[in-house]
Amino acid sequence: MRRSFFCPSCGARVEFMWSSSVQTTCEFCRSILVRHDVDLTLVGKVSDLPPDVSPIQIGTEGRFNNDNFAVAGRIIYEYDQGAWNEWHLVLSDGRSAWLSDAQAQYVVTVASAETDLPLQDVLYPGKSYAWNGVTYQVTTLTRANYRGVQGELPFEYWDKERATFADLRSTTGAFATLDYSDDEPKLYVGEMVDFDSLRLTNLRAFEGWS
């Protein structure tokens, strides 16, 4: 159900499209806004974002493993090879998922309930971990700079500077990411996907994309 508010910074109308969303950005003044019941709190401003070469945008819709989804927001990171988007997907049943969009490679993941997770200082490429009966091996460790947010997110995420991520893969094609951007690590599990398999609609058109 949509919820409407007025931006405490510029007074523009701000709509939360999804009931699970906690944070959004004002399209007019780029304020970062956090929802507390019936009130909005201004917590920051979105800085200039890096150039975006992805055709995906907020409002893009698609399908993954028999679930329809809509793109509700994104977190942007930069690292030594460029920038990437973590698109927040809202599935047809209201659950959240994430579409990692980096260098034309795409991964869809959902949050795992696993809590016994390794600390980042013990990780190294090649080390193995098993969760839910699947064995994963660390493939890459990425230290990234947080660059900003856009649209709706299911949690507060605006006061970051740097984050570390560990990507892991299984021999059967499963994918996992350990996220160390908060005090406690979080695990996300899913799989790499082909762009065409997502059956995306309402894509952004720009020169050089076909």
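# A tour of the predicted model

Start by selecting T24 and displaying what surrounds it: leaving aside neighbours within four places in sequence, T24 is in contact with V14, F16, S31, I32, L33, G151 and E152. The model on screen is a predicted one. T24 is found in strand 3, residues 23–25. Is T24 buried or exposed? T24 is buried, with a relative accessible area of 4%.

**Whole chain**

Zoom out and colour by secondary structure. The protein has 15 strands and zero helices. Its radius of gyration is 17 Å, close to the 17 Å given by the globule rule for 210 residues, so the protein is as compact as a globular protein of that length. Along the principal axes, the C-alpha atoms fill a box of roughly 50 × 40 × 35 Å. Of the 210 residues, 45% are buried. When contacts between residues at least 6 apart in sequence are taken, 49% of them join residues at least 24 apart.

Switch to a surface display. The protein exposes about 11300 Å², and carbon and sulfur atoms supply 47% of that area. Then select the charged residues: there are 18 positive and 29 negative charges, and their mean positions are 3 Å apart.

**The largest nonpolar core**

Hide the surface and select I75, Y77, W84 and V149. These residues touch the most other members of the largest nonpolar core, which has 16 residues. Next, pick out the strands that build this core: strand 7 (67–79), strand 9 (96–102), strand 12 (134–151) and strand 13 (162–169) each supply at least two of its residues.

Centre on W84. Which residues does W84 contact, once neighbours within four places in sequence are left aside? They are I75, I76, Y77, Y79, S100, D101, A102, T142, A144 and F165. A second, separate core has 15 residues, and I56, F69, L89 and V108 are among them. As background, nonpolar side chains in soluble globular proteins tend to be buried together.

**V108, in the second core**

Select V108 from that second core. The residue lies in strand 10, which spans 105–111. At 3% relative accessibility, V108 counts as buried, the cut-off being under 20%. Not counting residues up to four places away in sequence, V108 touches F64, W98, L99, V189, G190, E191, V193 and L198. For a distance check, draw a line from V108 to A72: their C-alpha atoms are separated by 14 Å, and the two residues are 36 apart along the chain.

**L153, a buried loop residue**

Move to the loop between strand 12 and strand 13, where L153 is found. L153 has 0% relative accessibility and counts as buried. Beyond its neighbours within four places in sequence, L153 is in contact with S21, V22, Q23, G73, R74, I75, H88 and W98.

**Two backbone stops**

Finish with two loop residues. Select N65, in the loop between strand 6 (61–64) and strand 7. N65 is not a glycine, yet its phi is positive, about 50°.

Then select A104, in the loop between strand 9 and strand 10. Its phi is also positive, about 60°, although A104 is not a glycine. Is A104 buried or exposed? A104 is exposed, with a relative accessible area of 60%.

Notes: Residues are numbered from 1 along each chain as its sequence is written. This is a predicted model: local features need pLDDT of at least 70, side-chain atom pairs count only at pLDDT 80 or more; totals for chains, interfaces and linings use all residues. Side-chain values use heavy atoms; hydrogens and water are left out. A nonpolar core is a set of buried Ala, Val, Leu, Ile, Met, Phe, Trp, Tyr and Cys residues joined through side-chain atoms within 4.5 Å. Buried means under 20% relative accessible area, exposed over 50%, partly exposed in between (1.4 Å probe, protein chains only). Helices (H or I, at least four residues) and strands (E, at least two) are DSSP runs, numbered from the N terminus. Contact means heavy atoms within 4.5 Å. The radius of gyration is taken over C-alpha atoms; the globule rule is 2.2 Å times the number of residues to the power 0.38. Accessible areas come from the Shrake-Rupley method with a 1.4 Å probe; for residues, only the protein chains shown count as cover. Lys and Arg count as positive and Asp and Glu as negative; His and the chain ends are not counted. The place of a charge is taken as NZ of Lys, CZ of Arg, CG of Asp or CD of Glu.
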